[in-house]
Amino acid sequence: MLSRPFPRATALLMGLFLTLPAAGQWTAPGWEDDAELPSLSAPDSRVANGEEYRLGRAWLRQFRARAPEWQDPIAQAYVESLLARLASHGGLGGTRLIVTLVDSHRLNAFAVPGGVVGVNAGLFAFADQEAQLVSVLAHELGHLAQRHYSRGKARAEQTQVPAMAAMLAGMLIAAAGGGDAGIGVAMGSQAAFIQDQLAYSRRYEQEADRLGLQTMVEAGYDPEAMTSMLRAMQRLASLQGGTPPEFLLTHPLTESRISDTASRASRLSGQGRRDDVQYHLVRARALLAIHSRTPDQAATRLAQDEAPQEAKRYLEALINAERGNTDAALRRLDALAHALPDITLIPASAAEVAFSAGRIDDAIERSQRLLRLVPGHVPTTLTLAEAQLQRDPDAAWHLLRDLAKRRPEDHRVFALLAEAAGRSGREALGHLARAEHQQLTGRITDAIRQLGVARRVAERGGNAAATARIEQRYEAFLGYRETLEKFQ
C-alpha cells in the first residue's frame, strides 16, 4: 500500500540552501480519452534560471531513486499545507513548492533548486512542539526568499553548473548510504560556494533567521521557538561530538547567532498560537515510521514528551492496526474523529487502516463519505483510488487522471494511474503513465524504453493522437536524460 511508510533507514542527507525559482510548471501533452496528463518538460518564462531549475528537478528524480522515502500521504499533506501557509507570509506566496519526505531518524530539512523542500521524519521526532518544526521550515523559506544562492553565485560564475551538479551528486551519494565518502564528496564540492565564503554563509544564516522569525510571527507562531530549537540543536551537537546533526553541517551555528535570534525573538510581539493537535498526530506517524520494528518505543517517546492525550490515543490506534487488531484500531479512530470533527486526517487514517486490512468496501465507503465533506483531499483520494482498483478500475482511472493534473510531480499518482489504465483497458495510456512514473523516479532509460512500448501499442491500435503525444514525450525525455547525465 502506497500510504504505508517504508521500513526505517538511516540515510545521510546534507542540508542545502539554494534559490527557489519563481513558480513554474512543466506542462504535459494532452491524453486521449478526454484526459490531459500533467508531466514535466521545461520551466516557463517566469523561472529566473532555467538551468538551475532543471538541475534541481533532475536531482529530485535521482534522490527518489537512491534515498529512502517516507511515503506517507497524510504526513505529506500536512507538511505541504504548513509550507503553503508559511510561504504566504515569507515572501513566497504563489510559489509552487514540492515536498519530499525522507525515511530517516536524523535531524534534517533541506531545499534545492526547483522548489524542492525535504523534511526528515527525524525532524518531527526532535521537535516536540509544532512551533519548533515551523522555526526550521521558516528558516528554510527565508533562504529561498532571500535568493541566497543567486546572490552568492557571482563569485563562482564560471563553475556554477558543474560545481552545483557535483555538490548535489555528493548529496545523493550520502543519501544512498555512502557514509563518510558521501560527506567528503559533498563537502568538497561545496568549497566554491561555501567554504571560501564563510562570512557570507554566516550572514545568510542570520538573514534567514530574521526573516524566519518574522514569518513565524505573521503566521501566528511564537518566535521564541526558534531560539529553543537552536539551543536544542547546540546541545545535541555537543553530545554527538564530531558527528553533529545533519542540519548543522551546512548551517553554521554560533553563540552569536543564537544570541541574535534570542534578542530579536524577545522584541517581536505576539504570544503565538496554541500547539495544533494535528501536529502531534503527524508526529506520532513519524515516530512510528522511525520505530516501525519496535512500535512500543514510539509510544514511549510520545509519552516522555508529554504529548496530548489525543496523540497518544491516535498512536495506539495505529499500533493496533499494525498488529492486525483492525476492529480496535477503527473503534479508537472513530471515537477520536467524533471528539475532533475538524481534523480530517483522523477519518482519513481510518479509511487507510480499513484498506490496509483488506476491508475494501469499508475503505471505499469511508473515503467517499470524507470526500463529500472535504472534496479533493489528496490522502483520501489516493486511498479511494487504491480501493477502487479492486472494485471499479474505470472509476479509479478517472480519479487518478484528475489527481495527476493537480499533482504532476507525484510519482505515487502515476504508479497507480498506470495500474488503473491497464485494468480499465487503456493499454497505451498505461504504458505512458508507467513511463512518467519511471522518469519521475530517476529511471530515465527505463522510461524511454517504456515510451517505445507505448508507441507500438498506440500504433497497433491506430490511435494517431496518442502516437503523436508519445512522440512529444519522447523528445522531452531525451532532454531529461541529458540533464540527469550531469550527475553521473
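Me: How many residues has helix α15, and how far does α15 reach from its first C-alpha to its last?

Reply: First, the ground rules. This is a predicted model, where local features need pLDDT of at least 70, side-chain atom pairs count only at pLDDT 80 or more, and totals for chains, interfaces and linings use all residues. Residues are numbered from 1 along each chain as its sequence is written, and side-chain values use heavy atoms, leaving out hydrogens and water.

Helices (H or I, at least four residues) are DSSP runs, numbered from the N terminus. The expected span is 1.5 Å times one less than the number of residues. Helix α15 (residues 345-356) has twelve residues and reaches 16 Å, close to the 16 Å expected.

Me: Is α15 mostly covered or mostly open?

Reply: Buried means under 20% relative accessible area, exposed over 50%, partly exposed in between (1.4 Å probe, protein chains only). In α15, ten of the twelve residues are buried. Among them are L345, I346 and F355. The buried residues pack against several helices, including α2 (73-89) and α17 (378-391).

Me: What follows α15?

Reply: G358 does, with a positive phi near 85°. Helix α20 (residues 427-440) is followed by G442, whose phi is also positive, near 85°.

Me: How many residues of α20 are buried?

Reply: Twelve of its 14. They include A428, H431 and L440.

Me: Why does T467 count as buried?

Reply: T467 counts as buried because its relative accessibility is 14%. T467 sits in helix α22 (residues 464-484).

Me: Which residues is T467 in contact with, leaving aside neighbours within four places in sequence?

Reply: Contact means heavy atoms within 4.5 Å. T467 touches R455, A458 and E459.

Note on methods:
Helices (H or I, at least four residues) and strands (E, at least two) are DSSP runs, numbered from the N terminus.
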